[in-house]
Amino acid sequence: MDERLTEQIQVRVLAALILACSCGVGRCASVKVEAESGVRGAGVAVGTTDGITYIYPLTTNTQYAPMTPDRVVTYSVTFPEPGTYDLYARVRVGPLAWSNDSFLFGNGFGTKSATNAAHWVLANNLASAGYTNATDVVGDDGVVGVLTWKWVNVSEFTNSGGARITFTVPEGQLTQTFQVGTREYGLWIDAFVFGTSDYTFTVAELDAGGPGTPPPPPRPRDFVNGNLVQFNDNGAWCWYQDERAVVDAIAEKLVVGSVASGAGVGGSPRNGAIEAVICDLRTRVLQRWVLSTRFGCDDHNAPAFLVRPDGKYLAIYAGHNNDMFSYWRVFDGSSWLPEQGFDWNAQIPGGCVNTVTYSNPYLLAAENRTYNFARCDDYRSPHFMVSTNYGDSWVFGGQLVTALTNVGYNSGYFRYCGNGVDRIDFICTEAHPRDVLTSIYHGYISNGMSFRTDGTVVDANIFDQVCPVAANFQLVFSNGTVMPPGMTNYRCWNSDVQRYPDGTIACIIHARINQFASGGYPDTVDPNHSFFYCRYDGTNWRATYLCQAGHKLYADEADYVGLGCLDPHDPNTIYISTRYDPRAVVPGVTDTNPPYTPCREIWKGVTTNGGLTFSWTPVTMDSVRDNCRPHMPVWDPSRKVLLWWRGKYNSAHNYDAAVVGIVESRNEIIGPMSYVDATTNNTYIAATGAPLVTGPSAGQWHERQGGNGGSILASADVVAENAPVIKTAVQLPGPGTYDLWVNFWGTHSANADWRVMAGLSTNQMQIFRQMACRIVQPGDHLMNLVLTNNQTNFLYQAYVGRVTVSNAATVDVFVDDYPVQTGTASTQVGNIARTWYDGISYARVDTLRILEAGFVAGPTPGVLLKWNSMPADRTLFGQSYAVQRTESLAPPNWITIASNIPSAGYTTSFVDTNPPVAAAFYRVVRQ
């Protein structure tokens, strides 16, 4: 093809991209039209008062169309440029107010039928609307009264009850016909202004016909303080199945469960799939398995797992009130064995009346019993089944509590945790919070009995069906508690509970703030909620208000919020999901009007005084999707996995979310990233190994200007197409372990769903969408990268895995497009589902070590030490260090000479200004 033709095609495509982004970048266009300048029907007159010339109707019309051409005014408007415009009108309402305050205008450009109401928009109730002060920004309504000139944004005017309307001027059609219809006598119209949508205009600017103020440019979004890993591109979970994720510390595997939705990646074929992802924590290679498709989509169906002593994994799950079975499968190291079912109706003495929901398997090695707790019979009270062979077979065990009178939907919600040896703790409510003014209680089971927190026996035999009620256990937090002053907390619900080896017990709960009335189901109320951290001090439970948890997650459930979790190894560290900034909370002061964000974010809280106060740092910031229901599985104190799902939650049965998280080891130092630009010199067709050839043809990767290295490899950026799988060869600098990421572009424009498909092998590729990925942040790389294109598009990264090489080696990263519209199985779309692939990043995985040591002269001479570190905002672990010194290594007597040295970034230094005269040895330790 002729090179000049190729260039012309690329320029036109780039222009289309800019329009498709709808980013608001460009000049403001506005045009003022004097009302009397149009061609008037016989029923429209012109008047002049106090030097202002205007139009007005000679008669009143109460219809929703002019009904006669005599009441129509027609304008020919020439616009300075194509675009989308709002319509503003300068009007004066007459003395009869509500009888002098309406007119009609066309519902778009073009000649309208005078008698067809569908062609017209009614601007009514103008008697109490509009703006008149010169500096007022003319917004949606306003409150100015009658007998004064005022500007109204009739495109956004809501008092008429209509939807927002804009006017679109296509390219090449700058002159448009616009029509107005008069309606009520007494309304005077002076002028109209068409102004670029999303711009704001003051009264003075409209009087002058412009220029208006542009919206602020989109700012970078989707910051994550840590390495965000995607475990499943389609999934979410409820919070009454535990453990939702488990770590096999011996095999170094992470198992994560979730339920896929037809509204997410893959569409209807994945709807309701109960899935397990097994992640090799050494290589970060993921393998996704479908455990069952017997139910429809419902996050309550999520599986729970148990790592068995024999190295196998137990997965157990149940439908949400679908049947009377719990189902389980066992992973034998290579595959999941066939599904088996436990029939509660056949096993419970006397049969089962209610259907089954939830799964919570826990092993008590001292009893050689594996328990699984499920909501079951007796008004959906918690029952349990028992296995003595780690879940290969089961028998009915017993019932934990019985129902209250007039309990409503069920007999309480239970959150469990187990120590794996001899005890299972739980916190519970008496019922569903919409049915009862619920409180929170704590108890535990051990040796076939249940107890209050203080060790008082509640049920001497849990293996029968003679049961206590939930309120017989120890009260943790009471309905009606006032905390902080002015906030009364009602209808409590439970998020997480942990018991620690030192006997500390802690939990996170939430409650409604100053709202006690039930809205029924579906809920008609939308209360705000409060988060509390509750801790047992050996004698009593003490509660600390954390912050507002926010309003309901979706319409039907008033008490669904983002939730929180505890670090299972550290009672002083917690994580919560909320739109509200917990740093704004002043202990003991009513928390009113705190700062909030559009989406729920994950926050990390740390206490140094037993939970009386917390210091907070964000894990996620400025997200474009909600981050909800965090969960941290048990691993060990030096390694953490924080999981949550990120996306849009329409209901428990319909969501578009991905399961993501952060995996970290305290003993690892992840260095700054190096960037490798993807070009036709290092990128090849994966199937053949042939060099990549770009071009404008459909199904071919296109090379676009911009990004890093001056070019971007693009596909489906305008129309649907499917480019071939490619691979980029990355030359690693030397032996060691490296993390790798693929860099692609995204935009925050409405409906944008940019993505890339990538992995370290063709059978391990994931679909990464910008909504579930982390934006590349300044300072991430050794070099300065192009991170944004005029604040329109932004550079994202997706983690593809970890490799270990014995020498300088080349590693292939496989990349593909995926232009299938989210929520469908095969519908291909361009533009919104485009792929803009830029390059690969890698970073060395290292251990803490001293990089440089030597004597420095100067005013304060001493021994300079420099070691590798991590920026404090890139990790879940605290980043402070201590320097220790000894004068002999046989045997060493290490003395701490400095402590609490904060990280200075990827390297941190310290000068020992008083070194010993003889030789000294140094080491640096993390605190």
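Student: How many disulfides does the count come to?

Tutor: The count comes to zero disulfides, a disulfide being a pair of cysteine sulfur atoms within 2.5 Å. C297 is in no disulfide, and its nearest cysteine sulfur, that of C238, is 12 Å away. Please note that this is a predicted model: local features need pLDDT of at least 70, side-chain atom pairs count only at pLDDT 80 or more, and totals for chains, interfaces and linings use all residues. Residues are numbered from 1 along each chain as its sequence is written, and side-chain values use heavy atoms, with hydrogens and water left out.

Student: Changing topic: what is the secondary structure of the chain?

Tutor: The protein chain has four helices and 65 strands. These are DSSP runs, numbered from the N terminus: helices are H or I with at least four residues, and strands are E with at least two.

Student: How does the radius of gyration stand against the globule rule?

Tutor: The radius of gyration is 32 Å, close to the 30 Å that the globule rule gives for 927 residues, so the chain is as compact as a globular protein of that length. The radius is taken over C-alpha atoms, and the rule is 2.2 Å times the number of residues to the power 0.38. Along the principal axes, the C-alpha atoms fill a box of roughly 100 × 75 × 60 Å. Buried residues make up 59% of the 927 residues.

Student: What share of the contacts joins residues at least 24 apart?

Tutor: Among contacts between residues at least 6 apart in sequence, that share is 65%. Contact means heavy atoms within 4.5 Å.

Student: Which strands form the open sheet of four?

Tutor: The order of that sheet is 38-39-40-41, with antiparallel pairing. Its edge strands are strand 38 (564-567) and strand 41 (615-618), each pairing on one side only. Two strands pair if DSSP finds at least two bridges between them.

Student: How many bridges join strand 39 and strand 40?

Tutor: Strand 39 (residues 570-580) and strand 40 (residues 596-606) are joined by seven bridges in the antiparallel sense. One example is Y575, whose bridge partner in strand 40 is K604.

Student: Now the backbone. Where is the cis bond to P522?

Tutor: The cis peptide bond runs from Y521 to P522, with omega near -5°. P522 lies in the loop between strand 35 (505-513) and strand 36 (529-536). Another cis peptide bond joins G210 and P211, with omega about 5°. The loop that holds P211 runs between helix 2 (203-208) and strand 13 (223-224).

Student: What is the phi of N751?

Tutor: N751 has a positive phi of about 70°, although it is not a glycine. N751 sits in the loop between strand 52 (736-747) and strand 53 (755-759), and counts as exposed at 66% relative accessibility.

Student: And what about Y390, where is it placed?

Tutor: Y390 is in the loop between strand 25 (382-387) and strand 26 (395-399). Its phi is near 65°, a positive value in a residue other than glycine. Y390 is partly exposed, with a relative accessible area of 26%.

How values were computed
Buried means under 20% relative accessible area, exposed over 50%, partly exposed in between (1.4 Å probe, protein chains only).
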